[in-house]
Amino acid sequence: MNWLRTIVFRAIFYLASVPIVATTPIAALFGQRVVIAHADRWSRLHRVLMRLILGIRAKVEGEVPVGQFLYVAKHEAMYETLELQLILGSPAMVLKRELMRIPLWGWSAVQYGAIVVDREASAKALRAMMKEAAVVRATGRSVVVYAEGTRVPHGESPPLRSGFAGLYKALALPVVPIALDSGRLLPKKGAKKPGVITIRIGEAIPPGLPRAEAEARVHAAINALNH
């Protein structure tokens, strides 16, 4: 039954996503507000299909704070990349440079408010990222980053990538860590399972801490559900 639900979900979601993704560059022509609303429609579609077909919903622990923050989230499945956009009020996102090279889509992501991070973490790339982060900070929008760099199986806790330290310094914003356990129900390979995904919004960590302390506190908090 789980495999059947998984196949039906993939067929319906990806088919329905084609016109949304294809028209994103058109939405971007009309400004950031329009492209954000367009992206939110995709996230809501994903949420509805998750609940109706896969029987998966989210339980949020903690409160989404009011103000401008750097959200640092665990990444175990595609699920949170769409769900958190709704829960957190459409923050700007940090994306890998490889995604920005997709024709038209990369340009649309810039209009949405993306900050580009380079896996190689060269000095030039870090300076560019910090410059983009400063521009986003001036707009008043929060930022969300998956600081371990890529999605990992539930229970694993790789170190934070160097890009987090650059963002933490450039934005000078309180950091709100987010733990989650989506990988329990949504493994990268295999059938998806029904159930409840916990999203735990942690206590804010102040800006200006020494790098080692900030990274240690964030790493511990986003891995709080690794059991």
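# Strand pairing, buried residues and a lined pocket

At 18% relative accessibility, Ala58 counts as buried, because the cut-off for that class is under 20% relative accessible area. The model described here is a predicted one, and Ala58 is found in its strand β1, which covers residues 56-61 and is joined to strand β7.

**Ala58 and its surroundings**

- Leaving aside residues up to four places away in sequence, Ala58 touches Tyr79, Glu83, Val196, Ile197 and Ile199.
- Of these contacts of Ala58, Tyr79 and Glu83 are themselves buried residues of helix α4.
- Pro210 lies 152 residues from Ala58 along the chain, and the C-alpha atoms of Ala58 and Pro210 are separated by 34 Å.

- Strand β1 (residues 56-61) and strand β7 (residues 195-201) run parallel and are joined by six bridges, with Ile56 standing opposite Gly195 in β7.
- Strand β7 also pairs with strand β6 (residues 175-180), here in the antiparallel sense and over three bridges.
- Strand β6 is in turn joined by four bridges to strand β2 (residues 70-73), the two running parallel, and Leu70 stands opposite Val175 in β6.

**Burial of β6**

- Strand β6 is mostly covered, with six of its six residues buried.

**Helix α4 and the residue after it**

- Helix α4 (residues 78-87) is likewise described as mostly covered, with eight of its 10 residues buried.
- The buried residues of α4 are Tyr79, Glu80, Leu82, Glu83, Leu84, Gln85, Leu86 and Ile87.
- Just after α4, Gly89 takes a positive phi of about 80 degrees.

**Thr6 in helix α1**

- Thr6 has its place in helix α1, which covers residues 2-22, and at 0% relative accessibility Thr6 counts as buried.
- A polar atom of the side chain of Thr6 lies 2.7 Å from the backbone oxygen of Asn2.
- With residues up to four places away in sequence not counted, Thr6 touches Leu54, Ala191 and Lys192.

**The second largest pocket**

- The second largest pocket holds about 160 Å³ of space, and the elements that give two or more residues to the lining of this pocket are β4 (114-117) and α7 (123-139).
- Helix α7 provides the largest share of that lining, namely four residues.
- The residues that line the second largest pocket are Gln32, Ala92, Val110, Gly113, Ala114, Val116, Glu132, Val135, Val136, Thr139 and Arg141.
- Sorted by class, the lining of the second largest pocket consists of six nonpolar, three polar and two charged residues.

Technical notes: Residues are numbered from 1 along each chain as its sequence is written. This is a predicted model: local features need pLDDT of at least 70, side-chain atom pairs count only at pLDDT 80 or more; totals for chains, interfaces and linings use all residues. Side-chain values use heavy atoms; hydrogens and water are left out. On a 1 Å grid over the protein atoms alone, a cavity is a set of points where a 1.4 Å probe fits but cannot get out, and a pocket is an open set with protein on both sides within 12 Å along at least five of seven lines; lining residues have an atom within 4 Å of a point. Grid points are joined across faces, edges and corners, and a volume is the space filled by probe spheres set on the points. Ala, Val, Leu, Ile, Met, Phe, Trp, Tyr, Cys and Pro count as nonpolar, Asp, Glu, Lys and Arg as charged, and the others, Gly among them, as polar. Buried means under 20% relative accessible area, exposed over 50%, partly exposed in between (1.4 Å probe, protein chains only). A polar contact is a pair of N or O atoms within 3.5 Å; within protein, one must be able to donate a hydrogen and the other to accept it, and residues adjacent in sequence count only if both atoms are side-chain atoms. Contact means heavy atoms within 4.5 Å. Two strands pair if DSSP finds at least two bridges between them.
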